[in-house]
Amino acid sequence: MKNSDRIGFGLFFLAIVFIAFVGGAFVVLTKTYPYPLFNDAHKAARAVLKQNTLIDLHTQSDLWREARREDRGVTVHDPDRAYQGLTLYTSGDGSHADLVNMDGKVLHRWALPYSEVWEQSPTGRAPRPDDHIYWRKARLLPNGDLLAIYIANNDTPWGYGLVRLNADSEVVWGYHASTHHDLDITPDGDVVALTHEFTDEKVPAFAKLEYPWLDDYLVVLDGDTGEERSKVSLAKAFRDSRYADLFYAVPGFATADPLHTNSVQYLDQDLADRFAPARGQAGQVLVWFRHPGAVALVDAASGEMTWALTGSWLGQHYPRINQAGHLTLFDNLGHFEKDNRTRILEVDPEDERIVARYTGDHEHPFDSGLRGAVEELPNGDWLITESDGGRLFEVAPNGDIVWEFLNPVRAGDQDQYIPVVSAAQRLTLDDLDADFRARLAPDSDS
């Protein structure tokens, strides 16, 4: 080959490379076809790589945390001030729930690994191993049946399904969809829950939306059979409402998961009358959107968003309507103190006034960047779930801790890791049927 031919061939090759580079840059910058194919393949490869390189569940997952204290079980119990009863909670070390008395003694346990219910994830893929799956939320029914949501670590969608089990941990029914975070029970016994799915639906007004993106759905299930009664797209409810600007203004890190809905509370007539924004209309559901930072009401039947509110909270979870008609909420990151970032707020929805709060202090730090919950008890105390601390505690209105429980499970060569806790529920024996009460271990509290 002559030198001139070699030079010509080299220039031709460089021209092809330059054209390919320019074409590739154009495809990436404009996100035109075949960008979606390459982008999806890239995301899938990264996800598989991340799953396959997870070698230490205790340090590389959000199901375990470094233990902050050596204490285990009940560390505080003021019987004259605490609301006496039984406490149900779930733990990050597996798919199980324990019912304990005020001294922390286990009276009953429900347990069922995911692999004994389903062979695949709801999306049809191989599921995560059982030790990467736990019950994010569980609720006990009077007859001893348990509703529980399976959540997988290091997978998306992470919602893995919802089951109703009897007191022997046998499946009554299963709903194999990507249920996640929270559930509630209507007065008729139906189950209100959240699911999520990837979608390629185009949203032109949201220029930075990443495709595919996760949409959340509000579903209502028949409590006896688990059959789906209704399903509402929460993204559509948001975009069709007068609050749509909140949807389009989510932060940059959330453009593939714009809503991250994490809570539901069904409004019966009593709650609808008590909560002013509901205007007496029962059947609405109070939902919380973490990434827009908004709490809202969505009609479970029509899918209409009737009201929404934002505030000074950050990374928040679990709004609930209390006896005063106010919102209580778990504000994960709104306290802005090192190792003490979390606070509980009680907010008047009519004037957005913070009417009460609980924050930790140097002696009792309070910090959970993920998860968390608070529920008002009949005596006015707050039952708080500090998930990342593996801790449940009850706070009196003056801020005193009147009951405290640390997850007794530990792992690591020095017991340095503790599983997260979630889904705390306080009940009394009167809340349970006589047949199930008779099955509880002795020494239960009333």
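Guide: A salt bridge is a side-chain nitrogen of Lys or Arg within 4 Å of a carboxyl oxygen of Asp or Glu. A search of the whole structure finds 29 of them. This is a predicted model, in which local features need pLDDT of at least 70 and side-chain atom pairs count only at pLDDT 80 or more, while totals for chains, interfaces and linings use all residues. Residues are numbered from 1 along each chain as its sequence is written, and side-chain values use heavy atoms, with hydrogens and water left out.

Visitor: Why is the pair R343 and D331 called a salt bridge?

Guide: The closest N and O atoms of R343 and D331 are 2.7 Å apart, and the limit is 4 Å, so the pair qualifies.

Visitor: What makes R343 count as buried?

Guide: Buried means under 20% relative accessible area, exposed over 50%, and partly exposed in between (1.4 Å probe, protein chains only). R343 has 8% relative accessibility, so R343 counts as buried. D331 has a relative accessible area of 0% and is therefore buried.

Visitor: Why is D240 called exposed, and K236 partly exposed?

Guide: D240 has a relative accessible area of 53%, so D240 is exposed. K236 has 48%, so K236 is partly exposed. Their side chains meet in a salt bridge (2.6 Å, N to O).

Visitor: What makes the set with L218, F275, L286 and W307 a nonpolar core?

Guide: A nonpolar core is a set of buried Ala, Val, Leu, Ile, Met, Phe, Trp, Tyr and Cys residues joined through side-chain atoms within 4.5 Å. The largest such core has 44 residues, and these four have the most contacts inside it. Apart from it lies another core, of 26 residues, among them L86 and W118.
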